[in-house]
Amino acid sequence: MMLATAAPVLRRVGARPGRPRVCAAVSAHPLDDELILYDERTGEAHLLNHTGAFVWRLCDGSRTVGQVARLAAANFGIPHRQALADVRELVAMLNDANLIFVR
Amino acid sequence: MRTSFLSAEDLSADASDQSEQIVRVLGWQARVCAPQATLAQLRSLVPQPAADRVAGAPALTIAVTPDAPMGFRVIVSGQPENWRVAEDELPLLLTNLITTAALEGLAADYLLFHAGALAWRDQGLLLPAASGSGKTTLVGALLAASWRVGSDEVGAIERHSGRLVAFPRSLNVKAGGRAALAHLFPELAAAVPWPLGAEQIWPLRPAGNAWLTSAVPVRHIVFPKYTPGERSTLHPLTRAEALAHLLPLEFNAQQLGGAGIDECIQLVRDAACYRLTIGDLADAVTLLQRLGEGRE
């Protein structure tokens, strides 16, 4: 599963100001400039590109989606509005795949 | 260490009495008590090393006893359930029981993938794929092209060396594969299928000298997918893409945890990784042949 390029766009997470946090059962393994997420509960692996990997590392439960988007906007030099949409989409997909939860 | 395997022709069956056979798979072994004819069939399906190199007690005992009117009862040590099967179902059932138990018993010492495994001139090729992707058919076609065979189903990598070794058992050819391989292996056309659950299997037994007999480095990891009507093509994968495809196909990933993942990362770092679309089988073999010879 290639999350960073998956098509469905979910807005569930973006509708509330939660703080995304990675699940303990998911381990992250950098390889070149991408990140492989391995879910030991299911045996499934997921691939994030370097943009997705940046967002993943910020999902430690201490930041809101908006705060993650601000850091992403600054890091990649893109408008905050675009960063917010992208981060919401990615966080929703990760949440839907049970790789993170939003509290 | 090099080893060699007895071919089916080396084995003879005495159809009379109950007997006992130690079945070895890499460093794991089982004791099977069954009619001699069944044991002879089992040896032809799970080629045994020509020389003894495993000591110690078997990890598993399987007892096969007559059980009228069905045929036979199969009892596995340590397991509460048993099987009642017809005589023609015995060999493949025993092979699968042994394979499943061996995968568990070998999990600490090998990375075990749902994969075909071959070698060309001591360069290993891993073909990881889920069931129904065309692994067995592709392995059979490469066998006909003089590749050394490790397995059509289990890619076994020594954890201590990172090298590919054979997990020898006959190729379980299904109806589609039989049609595709019949011109390469005329014996498949004439063979009677063996039942395995709801499926029919035509076992294809590589000759004794066709097996991979030494550990080889994995130079290529190719994810095959049979796609009727498509052109056979080979697409490079990034190492991260390859790893994401590989991990779900590792039988013992969950047992090995982080250490196993690190070893998989090393595996994809050391290999060139591709996705193979199999339309025409002969074209797919040509692509892999070029890869093996360094011409791709």
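Before the close-ups, a word on the model: it is predicted, local features need pLDDT of at least 70, side-chain atom pairs count only at pLDDT 80 or more, and totals for chains, interfaces and linings use all residues. Residues are numbered from 1 along each chain as its sequence is written, chains are lettered from A and ligands numbered from 1 in the order in which they are written, and side-chain values use heavy atoms, with hydrogens and water left out.

**View 1. Chain A as a whole.** Chain A has three helices and five strands. Here helices (H or I, at least four residues) and strands (E, at least two) are DSSP runs, numbered from the N terminus. Of the 103 residues of this chain, 46% count as buried. Buried means under 20% relative accessible area, exposed means over 50%, and partly exposed is in between (1.4 Å probe, protein chains only). Contact means heavy atoms within 4.5 Å. Among the contacts in chain A with a separation of 6 or more, 59% come from residues 24 or more positions apart.

**View 2. Helix 2 of chain A crosses helix 3 of chain A.** Helix 2 covers residues 65-76 and helix 3 covers residues 80-96; their axes come within 8 Å and cross at roughly 125 degrees. Axes are lines fitted to C-alpha atoms, for helices over the stretch in contact, and angles run from 0 to 180 degrees between N-to-C directions. The two helices are therefore oblique to each other. Angles under 35 degrees count as roughly parallel, over 145 as roughly antiparallel, 65 to 115 as roughly perpendicular, and the rest as oblique. On the helix 2 side, the residues that meet helix 3 include Val65(A), Ala69(A) and Ala73(A). On the helix 3 side, look for Leu84(A), Val87(A) and Val91(A), among others. The residues of this contact divide into nine nonpolar, two polar and two charged. In this grouping, Ala, Val, Leu, Ile, Met, Phe, Trp, Tyr, Cys and Pro count as nonpolar, Asp, Glu, Lys and Arg as charged, and the others, Gly among them, as polar.

**View 3. Arg41(A) pairs with Asp39(A).** Side chains of opposite charge can pair when their charged atoms come close. In this view, the side chains of Arg41(A) and Asp39(A) meet in a salt bridge, at 2.9 Å from N to O. A salt bridge is a side-chain nitrogen of Lys or Arg within 4 Å of a carboxyl oxygen of Asp or Glu. By this rule, there are seven salt bridges over all chains.

**View 4. Glu20(B) reaches Arg31(B).** These two residues form a salt bridge, with their closest N and O atoms 3.2 Å apart. The pair links distant parts of the chain, eleven residues apart: Glu20(B) sits in strand 1 (residues 18-25) of chain B and Arg31(B) in strand 2 (residues 28-35) of chain B. Glu20(B) is partly exposed at 47% relative accessible area, and Arg31(B) is partly exposed at 27%.

**View 5. Lys174(B) meets Glu199(B).** Here is another salt bridge, at 3.7 Å from N to O. Lys174(B) belongs to the loop between strand 11 (171-173) and helix 4 (175-181) of chain B, while Glu199(B), 25 residues apart from it, belongs to strand 13 (residues 199-204) of chain B.

**View 6. Val22(A) and its contacts.** Val22(A) lies in strand 1 (residues 20-22) of chain A and is partly exposed, with a relative accessible area of 26%. Not counting residues up to four places away in sequence, Val22(A) touches Trp56(A), Cys59(A), Leu99(A), Ile100(A) and Phe101(A).

**View 7. Asn98(A) and its positive phi.** Most residues other than glycine have a negative phi, and most peptide bonds are trans. Asn98(A) has a positive phi of about 60 degrees, although it is not a glycine. You can find Asn98(A) in the loop between helix 3 and strand 5 (100-102) of chain A.
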